[in-house]
Amino acid sequence: MISSMQPVNYKKLYIMCGLAFSGKSTLARKIAEYTKSNLIAFDTLWIEKDKEKPVPKNAEGWRYIRDAAQTGILTALRDGSSVIYDDNNPRKEHREELRNIAKKAGVELIIIYLDTPLDTIRTRENNNKVKAERHSVEPKNFEKVLADFERPTADENAMVFTPEMDVDSFLKKLER
């Protein structure tokens, strides 16, 4: 007997959410590798676009990069790939924009909130000033995001990751 059920679409849009130096990019890379998903990173996209034409370091530039990221996300999802979007996504309205993209593409949205204590973030930020393993974040930009940050609400059903959690166990939870 032939089943009349539609095949289940297992493609997903994972969005990272958290402050700078919370571990988003590190976890995003691990998720991308584990799930064989495309990784679209706001910071990387900014660097790429800035090489083509200087991107203003203000709200206009931020919106331009965010729009470019959303276009890339929708294209990749429609092409059949799951996507991890690595950005702060500090406000609920930003996460809702991405939820709408997931709906357009007919995929599940998973918010991954990195709940990293501020003292841990500040330690990582200070270590980066010495080691320069990643770009620095201008203090005024960090403070703006910190002031604007809205923790995901219960209705957003975010998966929470903290620094003391085991990454491999967390990755296995993504399969459910």
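**Salt bridges, cores and a ring pair**

Mentor: Start with K144 and D148, which form a salt bridge, their closest N and O atoms being 2.5 Å apart. Keep in mind that this is a predicted model.

Trainee: Where do K144 and D148 lie?

Mentor: Both are in helix α6. They sit four residues apart, about one turn of the helix.

Trainee: Is K144 buried or exposed?

Mentor: K144 counts as exposed, at 52% relative accessibility. D148 is partly exposed, at 23%.

Trainee: How many salt bridges does the structure hold?

Mentor: Twelve. Some share partners: R63, R66, D67, D87 and E97 are joined into one network that way.

Trainee: What about R95, which residue does it pair with?

Mentor: R95 forms a salt bridge with E156, with 2.6 Å between the closest N and O atoms. R95 is in helix α4 and E156 is in the loop between α6 and β5, so the pair ties together parts 61 residues apart in sequence.

Trainee: Are R95 and E156 buried or exposed?

Mentor: Buried, both of them. Now look at E150 and R91, whose side chains meet in a salt bridge at 3.9 Å, N to O. E150 counts as partly exposed, at 29% relative accessibility. R91 is also partly exposed, at 26%.

Trainee: New topic. Which residues have the most contacts inside the largest nonpolar core?

Mentor: L13, I15, I73, L77, V83, Y85 and L98. That core has 31 residues. Helix α3 gives the most to it, with seven.

Trainee: What does V83 touch?

Mentor: Leaving out residues up to four places away in sequence, its contacts include L13, I40, I73 and L77. There is also a second, separate core of 15 residues, with M16, A32, F161 and L171 among them.

Trainee: Which residues of α2 are buried?

Mentor: F42, L45 and W46. Seen down the axis of α2, the buried residues fall within an arc of 105°, so they line one face of the helix.

Trainee: And what covers them?

Mentor: The cover includes β2, α3 and β3.

Trainee: How many aromatic pairs does a search of the whole structure find?

Mentor: Three. One is F42 with W46, a tilted pair at 5.7 Å centre to centre, with 50° between the planes. F42 has a relative accessible area of 7%, and W46 has 14%. Both values are under 20%, so both residues count as buried.

How values were computed: Residues are numbered from 1 along each chain as its sequence is written. This is a predicted model: local features need pLDDT of at least 70, side-chain atom pairs count only at pLDDT 80 or more; totals for chains, interfaces and linings use all residues. Side-chain values use heavy atoms; hydrogens and water are left out. Rings of Phe, Tyr and Trp (its six-membered ring) pair if their centres lie within 6.5 Å; planes under 30 degrees apart count as stacked, over 60 as edge-to-face and the rest as tilted. Buried means under 20% relative accessible area, exposed over 50%, partly exposed in between (1.4 Å probe, protein chains only). A nonpolar core is a set of buried Ala, Val, Leu, Ile, Met, Phe, Trp, Tyr and Cys residues joined through side-chain atoms within 4.5 Å. Helices (H or I, at least four residues) and strands (E, at least two) are DSSP runs, numbered from the N terminus. Contact means heavy atoms within 4.5 Å. The arc is that of the directions from the helix axis to the C-beta atoms. A salt bridge is a side-chain nitrogen of Lys or Arg within 4 Å of a carboxyl oxygen of Asp or Glu.
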